[in-house]
Number of protein chains: 4
Amino acid sequence: MKSIDLNADLGEGFGVWRMGDDEAMMSIVSSANIACGFHAGDPLVMSRTVELALSHNVAIGAHPGYDDLRGFGRTPQPWVAPNQLAADLQYQIGALRAIARANGTKVRYIKLHGALANLASTTDLWAKICVEAIVGTAPSLPLLVMGDCHMEQQAQRLGLPTFSEFYADRAYDNEGQLLPRNQQGAVILDPNIAADRVLRLLETGVVSTAHGAELQMKPHSICVHGDHPTAVQMAQTIRDRLEKAGVKIEKFAL
Amino acid sequence: MKSIDLNADLGEGFGVWRMGDDEAMMSIVSSANIACGFHAGDPLVMSRTVELALSHNVAIGAHPGYDDLRGFGRTPQPWVAPNQLAADLQYQIGALRAIARANGTKVRYIKLHGALANLASTTDLWAKICVEAIVGTAPSLPLLVMGDCHMEQQAQRLGLPTFSEFYADRAYDNEGQLLPRNQQGAVILDPNIAADRVLRLLETGVVSTAHGAELQMKPHSICVHGDHPTAVQMAQTIRDRLEKAGVKIEKFAL
Amino acid sequence: MKSIDLNADLGEGFGVWRMGDDEAMMSIVSSANIACGFHAGDPLVMSRTVELALSHNVAIGAHPGYDDLRGFGRTPQPWVAPNQLAADLQYQIGALRAIARANGTKVRYIKLHGALANLASTTDLWAKICVEAIVGTAPSLPLLVMGDCHMEQQAQRLGLPTFSEFYADRAYDNEGQLLPRNQQGAVILDPNIAADRVLRLLETGVVSTAHGAELQMKPHSICVHGDHPTAVQMAQTIRDRLEKAGVKIEKFAL
Amino acid sequence: MKSIDLNADLGEGFGVWRMGDDEAMMSIVSSANIACGFHAGDPLVMSRTVELALSHNVAIGAHPGYDDLRGFGRTPQPWVAPNQLAADLQYQIGALRAIARANGTKVRYIKLHGALANLASTTDLWAKICVEAIVGTAPSLPLLVMGDCHMEQQAQRLGLPTFSEFYADRAYDNEGQLLPRNQQGAVILDPNIAADRVLRLLETGVVSTAHGAELQMKPHSICVHGDHPTAVQMAQTIRDRLEKAGVKIEKFAL
């Protein structure tokens with residue numbers, strides 16, 4: 001029987017503000033990418049999200065991003081100094097690890113967030129800066145990345161294990177990159193169409209791009225979003241359809 | 001030959017702003033209490049301060065405080081929720097540990113900062129909250145505390161080792177508490193008077209209070225401040241006088 | 001025909017985070033207390049909220065609070081320095097006035113938020129600090145306050161006009177203070193019971209306290225909350241019931 | 001007798017941190033560009049700086065910058081949304097105006113800070129966004145700008161008065177732009193060489209560029225920096241040399 005991981009970005013509140021329905025999502029996914037306080041999350045939100053993951057037997061991933069609370073880490077910051085970014089990443093990862101430990105559990109993997117993830121996936125320079133920063137402080141934590149990207153290559157060079165993910169609700173271009181959100185058709189809103197794509201990918205190893213080509217992919221995890229109005233329904237539909245097709249939802253961790 | 005530790009609060013800059021002369025102080029002290037980003041410090045400042053400590057063979061302590069950048073952690077916050085404070089402490093400690101690890105070293109101890117240190121030293125409730133938060137994430141890191149305070153008692157209860165410190169340049173009251181800064185004579189400005197007190201304490205185990213009594217103390221470390229205009233001269237004088245008297249300056253760590 | 005103002009705290013998002021349904025509330029209330037960036041709101045949120053108020057012909061009030069984004073301005077801060085609090089108030093008020101002006105409108109009144117409002121209502125010292133700070137920078141803007149409180153007295157002393165408000169969905173004690181939220185019955189959840197109280201107050205000038213006494217009040221405005229799950233329904237019910245009883249909803253501004 | 005304005009960036013502390021010697025600089029300059037809390041400054045620092053300016057009869061300018069406390073407003077942010085930047089500018093300007101008013105004085109002009117000033121000087125798009133934001137909330141406040149730049153052109157288009165400045169201690173390229181700080185010779189450290197350039201410019205209207213050309217300029221103000229170790233000496237030397245040559249130091253304000 002086949003199995004696959006389902007991951008989502010959770011713990012994205014701050015102070016009194018909430019983002020999405022973490023409780024509902026935790027009962028659907030097998031891995032939670034938890035914000036670390038720089039683009040979202042704060043220590044108490046992180047602590048509660050870790051507890052919630054633990055109670056649902058969901059794997060905990062650190063989800064560090066740019067120091068950009070107002071912009072939710074979605075503002076590109078190519079001018080940030082490399083040593084500042086490296087320290088910011090280490091700081092965030094260590095912070096979540098300490099909170100996980102205080103709750104009797106551990107961080108299992110790392111996934112970069114937002115504009116930082118985009119930059120590090122698509123440029124070798126920033127992939128190198130990020131992977132070197134991570135390997136310095138967490139030399140055995142796997143990275144969850146887009147398949148076939150610069151992060152994957154740099155991780156392999158430095159001996160960090162990687163797992164790759166497929167975005168269930170996002171269209172891809174012919175180079176295997178996500179279509180930018182502002183392009184038509186970039187975001188797939190129909191849960192059944194998203195589920196169809198995932199099932200076809202798991203059965204055939206192939207996904208159709210927005211421009212009509214076919215891409216080969218072999219992901220370890222399916223990413224579903226937690227912050228859309230219909231996020232819970234989307235995630236639940238994908239999980240139900242996968243399980244009905246005999247695919248087990250199971251965390252990927254080593 | 002006797003030995004004693006000298007500690008100072010360092011890494012208290014933020015962004016482009018600096019506080020005191022960390023480079024000079026690192027060549028004098030044996031232990032550095034490094035701010036963790038909530039009342040001072042930021043990841044890059046922390047990383048540079050860790051490097052500086054390492055290059056001077058100075059022990060690294062985590063120096064967490066209230067989430068209060070504008071107030072430098074000196075504003076009392078008795079209304080903060082205990083679970084928020086606990087998460088804030090864990091977050092800060094983990095962040096510094098991760099940065100220390102990335103620099104090939106380790107955090108050796110924890111010392112609370114500012115208004116939080118005052119509250120936790122003098123009230124059993126907050127001492128308990130702080131020690132429980134710390135022991136949850138760092139069960140073997142010693143605490144550097146005022147001797148004979150609630151933090152020490154709670155640490156003993158939970159099995160955390162403690163080391164105690166004496167403030168070279170601050171007057172004590174008859175209960176062994178620091179005289180508040182706004183009272184006359186609270187801060188000792190003459191380096192030689194401060195050095196005299198330290199030497200007498202090391203030789204006799206006794207210090208005179210501001211109100212004429214004699215206190216018994218047996219500190220493991222002498223705290224000198226790094227942020228006064230005359231801080232470097234004060235610290236250097238104390239170190240010189242101690243060494244001339246045959247006392248070796250040596251970190252206290254386990 | 002009688003008339004009364006309906007006010008609500010709006011513009012309480014930050015960055016990507018939202019709080020309540022500002023669009024729906026703006027079509028119900030006649031006055032909007034707009035957060036100024038210290039406990040909630042940011043310049044862009046403020047600008048959008050001002051635009052929304054303008055398009056609904058709703059009066060704009062500045063709603064400054066403590067510098068406490070994580071705590072939403074609900075954490076008491078009695079240790080903040082008076083001159084810092086004064087500058088913080090002036091800063092926030094000026095910021096909103098500038099944004100209102102850029103949108104072709106004006107701030108019509110000031111209402112303090114959260115823990116600051118509580119402290120300034122109930123202590124003469126902080127009422128004086130707040131009113132003096134406000135009168136220094138906005139000598140003719142009226143204050144919206146609890147009736148018969150220290151803010152009202154200090155405003156009268158310094159010549160600032162005041163308007164008073166009644167909380168539709170909160171129980172009062174015999175001294176005319178709000179029952180703390182953590183006490184049973186403090187928050188009224190049934191829209192019709194809240195509407196009944198408002199109508200009785202407008203007709204008779206009397207409201208029953210939680211402890212069985214009767215208070216005389218003559219408010220200029222009814223405060224409804226915008227951040228509860230049932231806030232819109234509560235506010236709409238009160239408005240509908242008032243209008244059905246022949247009371248016109250009308251802003252109080254000079 | 002000729003006269004010229006001397007301006008410097010002041011009030012660049014934050015919380016307990018200080019930057020430069022504001023007290024000394026206030027006795028030398030005639031105009032102070034005061035940080036507004038987004039890249040430096042906080043309400044209390046702003047209030048104290050306004051008081052200091054007032055006591056030295058120095059003109060107060062608003063010095064808004066990017067929302068970038070950690071980077072001191074020196075990080076380019078070309079991805080910030082135009083409506084967010086516009087609101088940020090209005091917010092900062094209004095905040096300082098309110099604090100000035102509370103101190104019985106007024107903001108006399110606006111000068112952009114750091115990376116924002118660079119971007120707005122050199123690109124028409126951002127100059128337009130900034131000038132439109134400013135004119136919306138402060139339609140009669142003059143701008144202090146680099147001569148012959150996009151900010152000047154956009155200000156003229158929208159009817160905002162401008163004054164231009166010359167950087168005493170920075171080398172220019174042949175296009176009249178400042179040589180980037182990381183290029184050799186970009187920063188002039190010798191106070192007498194800087195004073196010579198200023199005097200020659202005032203006498204002949206000409207300044208030599210770093211690449212050997214001669215530029216025509218007719219500035220209304222000379223900018224001296226307040227944050228270098230030798231800033232006070234530099235500023236004092238320029239003032240002394242100017243006065244000895246019969247040039248009066250006088251604010252430019254309308």
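## Relation of chains B and D

Of the contact residues of chain B, 100% recur in chain D, and the same surface serves both copies; contact means heavy atoms within 4.5 Å.

This is a predicted model, in which local features need pLDDT of at least 70, side-chain atom pairs count only at pLDDT 80 or more, and totals for chains, interfaces and linings use all residues. Residues are numbered from 1 along each chain as its sequence is written, chains are lettered from A and ligands numbered from 1 in the order in which they are written, and side-chain values use heavy atoms, without hydrogens and water.

## Relation of chains A and B

A rotation of 180 degrees, with 0.0 Å of shift along its axis, superposes chain A on chain B (RMSD 0.0 Å). That is the relation of a two-fold axis. The copies meet through the same surface, because 100% of the interface residues of chain A are also interface residues in chain B.

Among the 38 residues lining the second largest pocket, B:Gly114, B:Ala115, B:Asn118, B:Arg170 and B:Arg181 are the closest to its centre. On a 1 Å grid over the protein atoms alone, a pocket is an open set of points where a 1.4 Å probe fits, with protein on both sides within 12 Å along at least five of seven lines, and lining residues have an atom within 4 Å of a point.

Terms used. Least-squares fit on C-alpha atoms with pLDDT ≥ 70 in both.
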